[in-house]
Amino acid sequence: MAMKESESVKHAIELDKANGNTIWRDVMALEDDALQEMECFDFREAGDRPAGNYQCTALHMVFDCKQDLRRKVRFVAGGHLIDLLDNKVYSSNVKGISVKSLHVIAHRVGLNALCGDIGNAYVNAYTAEKVYTVARPEFGEALIRKIFMIRKALYRLATSCACFHYHLSDTLRAMDFLPTRFNRDVWIRLSKSGHTYEYICMHVDDFCIFSIAPDVVMKQIQVVYKVKSVGPPEYY
């Protein structure tokens, strides 16, 4: 059976009407609520454009249908319309050989591994770019032509990955982890017992903990982030 994937907000509503359900509208509302909860925008009245070196970009929805038929909607910004100026965009990730080395260490000293995926990861961080957008009709009559000041690191802004990387790094430092010299995306701290070390490696919004009690470390991370797909590693 073929499953049609939405191409726009208008198309999503048409698909819901044709299918006699509200699946796409529900996931759109879910994404909107998530961004509102994360305080991603400051709202201004129509015509109240910011002064200075703020740049205007587009804001739209990207639609996806997962292999298990779950629908996913993501609000994204038009990063291709923004002059980067002097903003940094580079963000590193853990190397595969480093993850394999951690598994060897864990097997040798008896550590347990626990993985997680940070939900809506980028918008935990503030954007480094001065950007805003003007609400289009798809945002509804109440918001049309209003100014959205973009506060958080929305997906597809060029600096968003780097901003989230800095945010996660600051979180790990607050937990007394330090980046290792051999790989800056492998973090280490002495365990409370003082007999072993605990490790965390990260690849964008995915991470893996190696510890005698990784669930304790996971709870510390969950204080700051919403973590999905918690469980032992299934690959590497």
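A pocket is an open set of points, on a 1 Å grid over the protein atoms alone where a 1.4 Å probe fits, with protein on both sides within 12 Å along at least five of seven lines; lining residues have an atom within 4 Å of a point. This is a predicted model, in which local features need pLDDT of at least 70, side-chain atom pairs count only at pLDDT 80 or more, and totals for chains, interfaces and linings use all residues. Residues are numbered from 1 along each chain as its sequence is written, and side-chain values use heavy atoms, without hydrogens and water.

**View A. The largest pocket has a volume of about 620 Å³.** A volume is the space filled by probe spheres set on grid points joined across faces, edges and corners. Among the 24 lining residues, Glu-31, Lys-72, Gly-119, Asn-120 and Lys-228 lie nearest the centre. Helix 2 (23–37), strand 4 (71–77) and strand 5 (112–118) are the elements that give two or more residues to this lining; helices (H or I, at least four residues) and strands (E, at least two) are DSSP runs, numbered from the N terminus. Helix 2 gives the most, with six residues.

**View B. The second largest pocket has a volume of about 470 Å³.** Its lining comprises 19 residues, with Cys-115, Gly-116, Asp-206, Phe-207 and Tyr-235 nearest the centre. At least two lining residues come from each of helix 3 (96–109), strand 5, strand 10 (197–203), strand 11 (206–211) and strand 12 (227–231).

**View C. Four strands form an open sheet of mixed pairing, in the order 1-7-6-2.** Strand 1 (41–44) and strand 2 (55–56) stand at the edges with a single partner strand each, so one side of each lacks a neighbour in the sheet. Two strands pair if DSSP finds at least two bridges between them. Strand 2 pairs with strand 6 (residues 126–134) in the parallel sense over two bridges, and Tyr-132 in strand 6 is the bridge partner of Cys-56.
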